[in-house]
Amino acid sequence: MMNSSLLTTGCRLGPSCFSLLNRVAAHRTAATVTSAPVTSESRGNEQSSRPQGTKDTEKKIKSARVSDSFVLNLYRGNFHPNELFPYPNVLNEEQKENIKMLIDPIWKFFEEKNDSVKNDINEKIPEETMNGLKEQGAFGIQVPVEYGGLGLNNTQAARLYEIVTSHDLAVSICLGAHQSIGFKGILLFGTEAQKQKYLPKVASGEYMAAFALTEPTTGSDAASIKTKAELSADGKYYVLNGSKIWISNGGFAEVFTVFAQVPSVDDKTGQVQNKMTAFIVERKFGGLTSGPPEKKMGIKASNTTEIFFEDCKVPVENVLGGVGNGFKVAMNILNNGRFGMVAGLSGTMKMAIRKSIDFAKNRRQFGRTIDTYGNIQEKLVRMETRQYITESLGFLLAQNMDRGSTEYQCEAAIGKIFASESAWFVLDEAIQIHGGMGFMRATGLERVVRDLRIFRIFEGANDILRLFVGFTGLQYVGTHLRELQNAVKSFNLNAIVGEGSKRLRRNIGMSSGPNINEFIHPSLHPCGLLLSKSIDRFGSTIEQILIKHGKSIRDEQFIVHRIGEMTIDLFTMAAALSRCTQSFKLQSPTAVHESNLVRIWCEEAHDRINNTIDTIQNPAFTARTKLMTEIAREMVDKESTVPVHPLGF
C-alpha cells in the first residue's frame, strides 16, 4: 500500500517536479559561477553541456565529470565513501619498522641538540643544528633513494613532521620551505635531467631550496604576479626581472622555484599574452640577490628575505612543467605539501596539551588541583578533540595521497585551515590554563603562540581557502545542474526520475540522508545519523542558494564563507568517524575514549551546521550583510572608526 500510495503521490506531483527541475536547471553556474580555477576538465564540461538540438540529444550529451573527492560530493548531498571509509592504512610492516627506527633519533636530536629558545633569541638556526639535520637525512625525507634521499612516502614523512614541529616551529619552516615547497616542483614536474642534476644536492643539504611566488603586489591572487621572464634572442635562456617578498630560506638558498610571466604572442590574435611559468633558478646564475632578514613576530629563527632578479639568465632547460603551466605547478606544489603542515601542527598541539595536563594536575587553588574543576576539564577536552581531528585529517590526507588520490585540493585546504586554527586555539587555551605562568618565556608557550600566528596566513590565507573550498564545491554542483538542464530538454527519463525522486523525498519529509552507518562502528551510529542528516540538508541548501543567486553567488562572500565553514564541519565529522571506527576494528584500547571525543564533536558540528543554514536562509541575515557593507564603506571613507568619542573630543 505504501509503495502504491507513494507512486500515486509522485504521479500527482509530477508536473510540479518537472517545473522544479526546469527551474533548477535553468540556473546554470558551472565554470563561471565562481572564481575557482578553471581546469581543462571544466572547460571540457562547459563545451559538452551546450544544447545539442533535439534529435538524438540524449546520446550526444556527455555526463558531467564525477569526482572522487569526498568534499565535492557533499555539495550534491552525496556521501562518497571511497577515500574515507575505511580509514586508510597504507604502510606495510617493513615501512612501519623503517619509520620507527627514525623516530627516536630525530626526537633525541631535538631534545638534546637543538635549543629552540636560543634560536628564537638569536633569530637564527645555528650551523650545528643544520649539520645535525643533514646527518639525519632530514633535508631529503621524500627524495627517492636513487637520488640520495630517504625515500619516505607521505605517511612516513608526516610522522616525522609531527616530531619536528612539536619541538621547533622555526626549524620546521626551514625544512618545509626546503622540501615541502622549495624543491617539491622538481619531484612533481621535473624532467629526468632536472632530477638528476638537483635532487642529490638538495637531499644532502648541500643546496638549500626556496619557493618564490609572493610579490609586493601579489598575495593570494597568485596569477597576477609581475616578475617577467623574456626569452633571449638566441632562444637559449630566459631573462628574469622582478622581485619576490617573504621568501623562507631566501637569504641562503642556492636553488629557487621561481614563478614569472613569459610574454608570448597569440597565434590567432597576434596579441601579446603573459603565460605564468615556473623556473628552476640557481643563485650562481647571477642577477639574483637577497635582502636582509625580515624582523618578524614569530618563527624568528627561520630566514625570511626579499629576493631580487636583475637580468637573471635562466637556461631554457630550467623551465619547470612547461611554459604557461606555472599556476598549475604552484597550486600542485602547495596542495601536495599541506599534509605536512597538518600532521606537524597536530604534534605542536600534543606538546601543549601535555604541558597543560602536567600543570593542571599539580596546580592547587581553593584547596583542589585545578584539573578537578569543570572549566579546566572542558578546556582539556576541547584541546584534545581538536588535536585528534587534526591528526585524523593529516594522516587521512597523507595516506590517500600515497594510495594514488589525485583530487584532494579541497581536503588539503580544509586540513590546512582546521590545523592552523586548532593549533592557535589549543595554544591559547594552554596559556590560559597556566595563567600568569603561561605568559612567561620560561614556560615555553609564548614563543609557540608567536610562531603559530603565521600559519593562518601563509601557503594560502585561511580566509581565501574557505572561499576556495566553497566556490569549488559550487562550481562542481553547477556542472551537474547544467547536465540536468540538458536531460530535461531532451527528456532523459532516467536522469529526470532519479533527480525528481530525490527532490520528492525531500519535499514530503522522507529523506533521511545517505546511509552512513553501514560504514561505521555500531557505537557511533547516532553520530552517523547526525552526519547523514547534515549532508542531506547541506546539499539541499546548496541547490537552493544556486537557484536564488545563480552566477551572482561569486559576489556573495558572506554566504560562501559560511558554506566553507559548514564544509569543514562535515568533513571533520566524517574523518573522525572513520578513524574511530578503525580503532574499534583494531581493538585499540583507546577506542571508547576516541568515540567520546567524536560524539562531542559531531553533536556540536551538527548544531553549527543547522544554525548556519537557518541563518543564511533568514532574510534578516541578508539585511545585516547589506548593513555591514554600508558600515564598512563608511569606515573606509573616514579611514578610521566612525563614532564620535563619548567625551566629545
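**Figure 1. Helices α13 and α14 packed against each other.** Axes here are lines fitted to C-alpha atoms, for helices over the stretch in contact, and the angle between two of them runs from 0 to 180 degrees between N-to-C directions. With that in hand, welcome to the first close-up of this predicted model. Helix α13, residues 326-362, packs on helix α14, residues 374-402, at an angle of about 155 degrees. Their axes lie 8 Å apart. Angles over 145 degrees count as roughly antiparallel, and α13 and α14 are therefore roughly antiparallel to each other. The crossing of α13 and α14 is left-handed. Sorted by class, the contact of α13 with α14 is made up of 15 nonpolar, 6 polar and 4 charged residues.

Figure 2. Side chains of opposite charge can pair when their charged atoms come close. The model has 21 salt bridges in its count, and one of them joins the side chains of Glu97 and Lys100, at 3.8 Å from N to O. Both residues sit in helix α6 (residues 93-112), and because they are 3 residues apart there, about one helical turn separates them. Glu97 has 41% relative accessibility, so Glu97 counts as partly exposed.

**Figure 3. Glu215 and Lys244, a buried pair.** Here the side chains of Glu215 and Lys244 form a salt bridge, with 2.8 Å from N to O. Glu215 belongs to the loop between β1 (209-212) and β2 (228-231), while Lys244 belongs to strand β3 (residues 237-248), so the pair ties together parts that are 29 residues apart in sequence. Are these two residues buried or exposed? Both Glu215 and Lys244 are buried.

**Figure 4. A bridge between helices α17 and α20.** The side chains of Glu565 and Arg466 meet in a salt bridge of 2.2 Å, N to O. This pair links distant parts of the chain, 99 residues apart: Glu565 is in helix α20 (residues 557-585) and Arg466 is in helix α17 (residues 462-490). The two partners fall into separate accessibility classes: Glu565, at 30% relative accessibility, counts as partly exposed, whereas Arg466, at 7%, counts as buried.

**Figure 5. A salt-bridge network.** Which residues take part in this network of salt bridges? Asp120, Arg441, Glu446 and Arg450 are linked in it.

Figure 6. A disulfide is a covalent bond between the sulfur atoms of two cysteines. The count of disulfides in this model comes to 0. Cys580 is in no disulfide, and the nearest cysteine sulfur, that of Cys527, is 8.5 Å away. For comparison, the cut-off for a disulfide is a pair of sulfur atoms within 2.5 Å. Cys580 has 0% relative accessibility and so counts as buried. Cys410, at 1%, also counts as buried.

Figure 7. The peptide bond from Phe85 to Pro86 is cis, and its omega is near -5 degrees. Pro86 is placed in the loop between α5 (70-74) and α6.

Figure 8. Asp311 is not a glycine, yet it has a positive phi of about 55 degrees. Asp311 is found in strand β7, residues 304-315, and is partly exposed, with a relative accessible area of 48%. Phe366, also a residue other than glycine, has a positive phi near 55 degrees. Phe366 lies in the loop between β9 (364-365) and β10 (368-369), and at 79% relative accessibility Phe366 counts as exposed.

Definitions and conventions
Residues are numbered from 1 along each chain as its sequence is written. This is a predicted model: local features need pLDDT of at least 70, side-chain atom pairs count only at pLDDT 80 or more; totals for chains, interfaces and linings use all residues. Side-chain values use heavy atoms; hydrogens and water are left out. Helices (H or I, at least four residues) and strands (E, at least two) are DSSP runs, numbered from the N terminus. Angles under 35 degrees count as roughly parallel, over 145 as roughly antiparallel, 65 to 115 as roughly perpendicular and the rest as oblique. A crossing is left-handed if the near helix is turned anticlockwise from the far one by less than a right angle, and right-handed if clockwise. Ala, Val, Leu, Ile, Met, Phe, Trp, Tyr, Cys and Pro count as nonpolar, Asp, Glu, Lys and Arg as charged, and the others, Gly among them, as polar. A salt bridge is a side-chain nitrogen of Lys or Arg within 4 Å of a carboxyl oxygen of Asp or Glu. Buried means under 20% relative accessible area, exposed over 50%, partly exposed in between (1.4 Å probe, protein chains only).
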